[in-house]
Amino acid sequence: MARLLIVDDEQQMIDLLKVIFKSSSYELYSAANGREAIDIINNVDIDLVLLDIMMPEMNGLTMLKTLRESGETAGVIIVSALGETDQIVQGLQAGADDYVTKPFEPGELSARTEAVLRRRGIPAALMNTHIGDLTIDRERREVKVGSYALKLTNKEYLLLDTMIARPGGVFTRDELLDQIWTPGEERTDRSVDAHIKNIREKFRKAGLEQNYIETVWGVGYRVKDDPL
């Protein structure tokens, strides 16, 4: 399991990145500035850092240069609102493996993260999970029924990915809301129910007749590990 360190001074961004990566079996750490991040890296074998630039105490570029000068080889992807060409070049020259500008598409950031880890010979996560005729391909961020790729919204994908990572395990509605909805987003129990209903309907239209997502009455939902 790869260890990811999120470094950003905005808690909302940290929460968003945790939502994106939590369901993909990464071990996640976070820091609010460069000094905190270096302390974590000195004590934990971090595989990849998602690094903001504009932060108090120690900004991202200073932190990155400090890491590289000390011989630290962890992968680094800068995730910043600074998107001018010279700023991107400066970040890459400082030792970043990649550079993603905010706002970003979650699927693209996830794919770039996996690509950096692959180049470093580190298994990013379990790329594919198969349950019956259902396959989730995390590298492509794609869910298939047989060879047919489902068209899922981001929330639908995250719900399914979260539950399928623990087949047979029961997830309460509150647990799913906390893991997938970001702080400040409008959310109710009905939000989860509506998305589950949509996923089931897409399964049905794709010819998936078995009940893969089971309702656990009074509790929540689970993906059955033996959907018969």
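These legends describe close-up views of a predicted model. Local features need pLDDT of at least 70 and side-chain atom pairs count only at pLDDT 80 or more, while totals for chains, interfaces and linings use all residues. Residues are numbered from 1 along each chain as its sequence is written, and side-chain values use heavy atoms, with hydrogens and water left out.

**View 1. The two domains of the protein chain.** Domain 1 covers 2–126 and domain 2 covers 147–223; such bounds come from an automatic or database domain assignment. Their centres, taken over C-alpha atoms, are separated by 29 Å. Nine residues from domain 1 and nine residues from domain 2 take part in the contact (heavy atoms within 4.5 Å).

**View 2. The interface of domain 1 and domain 2.** About 720 Å² is buried between the two domains, 59% of it on carbon and sulfur atoms. Buried area is the accessible area (1.4 Å probe) that two parts lose on being put together, summed over both. On the side of domain 1 that touches domain 2, helix α1 (residues 11–22) gives the most, with six residues; helices are DSSP runs of H or I with at least four residues, numbered from the N terminus.

View 3. Asp8 lies in the loop between β1 (3–7) and α1; strands are DSSP runs of E with at least two residues. Asp8 counts as buried because its relative accessibility is 2% (buried means under 20% relative accessible area, with a 1.4 Å probe and protein chains only). Its side chain reaches the backbone nitrogen of Glu10 at 2.9 Å. Not counting residues up to four places away in sequence, Asp8 touches Met13, Ile14, Ala31, Ala32, Asp52, Met55 and Lys102.

Notes. Buried means under 20% relative accessible area, exposed over 50%, partly exposed in between (1.4 Å probe, protein chains only). A polar contact is a pair of N or O atoms within 3.5 Å; within protein, one must be able to donate a hydrogen and the other to accept it, and residues adjacent in sequence count only if both atoms are side-chain atoms.
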